[in-house]
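Subject: Structure for you to look at

Dear colleague,

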Amino acid sequence: NVPVWDNITDIHYTTLFKRALEGIVSRFEPDAVVLQCGADSLSGDRFGTLNLSSVGHSSCVGMVAALGLPLLVVGGGGYTVKNVARLWAAETAILCGVPLPPNTPLPFDQLPQTGWLYEGSNGTMLVP
C-alpha cells in the first residue's frame, strides 16, 4: 500500500501508481502478479475517500497487464454497486484485449436487473 491523500484524482494517482509499479517490478522481479481491484477508490463511493474515474482506475489495470506477467485479478471493495459493475466490466474488457471507450452505452433493455442499480447512471461505462 502507498499512502495517498483524500480526493486524489486520476492524474496524480496514475503518476504515483506508475512510479510505484516500476519500482516494485524492478526491485522484486516478480514471476506473477495478483492485482486486487477495489472500486472503493472511485469517485462517489459511499465509503471511499479517493476521487478516481473509471478511466484512471482502468489505466492502472492496463499498466499491470502490460508487464506481460501471469496475472490474477480479483475484486475488492466498492460500495456503490452501479459503479463497481461498470468499472469491472471496463477492466475485464481491457484484460481481454478489447478495451471499451468510456462512452460505451449500456444496453439497459437487455440487462436482467433494472431500477436502483442504474439510477443516476449516465447510461455509459464511465464512472466520472
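What follows is a short account of what was found, beginning with the chain as a whole and ending with single residues.

Please keep in mind throughout that this is a predicted model. Of the 128 residues in the protein chain, 34% are buried. The accessible surface comes to about 7900 Å², and carbon and sulfur atoms account for 60% of that area.

The aromatic rings come next, and a search of the whole structure finds 2 aromatic pairs. In one of them, Tyr13 and Phe17 have ring centres 6.3 Å apart and planes at 25 degrees, and because planes under 30 degrees apart count as stacked, this pair is called stacked. Both residues belong to helix α1, where they are 4 residues apart, or about one turn of the helix, and Tyr13 is partly exposed, with a relative accessible area of 22%.

Phe47 and Tyr79 form an edge-to-face pair, with 5.2 Å from centre to centre and 80 degrees between the planes. This pair links distant parts of the chain, since Phe47 lies in the loop between β1 and α2 whereas Tyr79 lies in the loop between β2 and α3, 32 residues apart. Phe47 is exposed, at 64% relative accessible area, while Tyr79, at 37%, counts as partly exposed.

There is also a charge placed over a ring: the charged end of Arg27 sits over the ring of Phe28, 5.2 Å from its centre.

Asn7, which is found in the segment before α1, has a phi near 65 degrees, a positive value in a residue other than glycine. Glu29, in the loop between α1 and β1, likewise is not a glycine and has a positive phi of about 45 degrees. Are these residues buried or exposed? Asn7 is exposed, because its relative accessible area of 53% is over 50%, and Glu29 also counts as exposed, at 60%.

Note on methods. Residues are numbered from 1 along each chain as its sequence is written. This is a predicted model: local features need pLDDT of at least 70, side-chain atom pairs count only at pLDDT 80 or more; totals for chains, interfaces and linings use all residues. Side-chain values use heavy atoms; hydrogens and water are left out. Helices (H or I, at least four residues) and strands (E, at least two) are DSSP runs, numbered from the N terminus. Buried means under 20% relative accessible area, exposed over 50%, partly exposed in between (1.4 Å probe, protein chains only). Accessible areas come from the Shrake-Rupley method with a 1.4 Å probe; for residues, only the protein chains shown count as cover. Rings of Phe, Tyr and Trp (its six-membered ring) pair if their centres lie within 6.5 Å; planes under 30 degrees apart count as stacked, over 60 as edge-to-face and the rest as tilted. A charge sits over a ring if NZ of Lys or CZ of Arg is within 6 Å of the ring centre and within 35 degrees of the ring normal.
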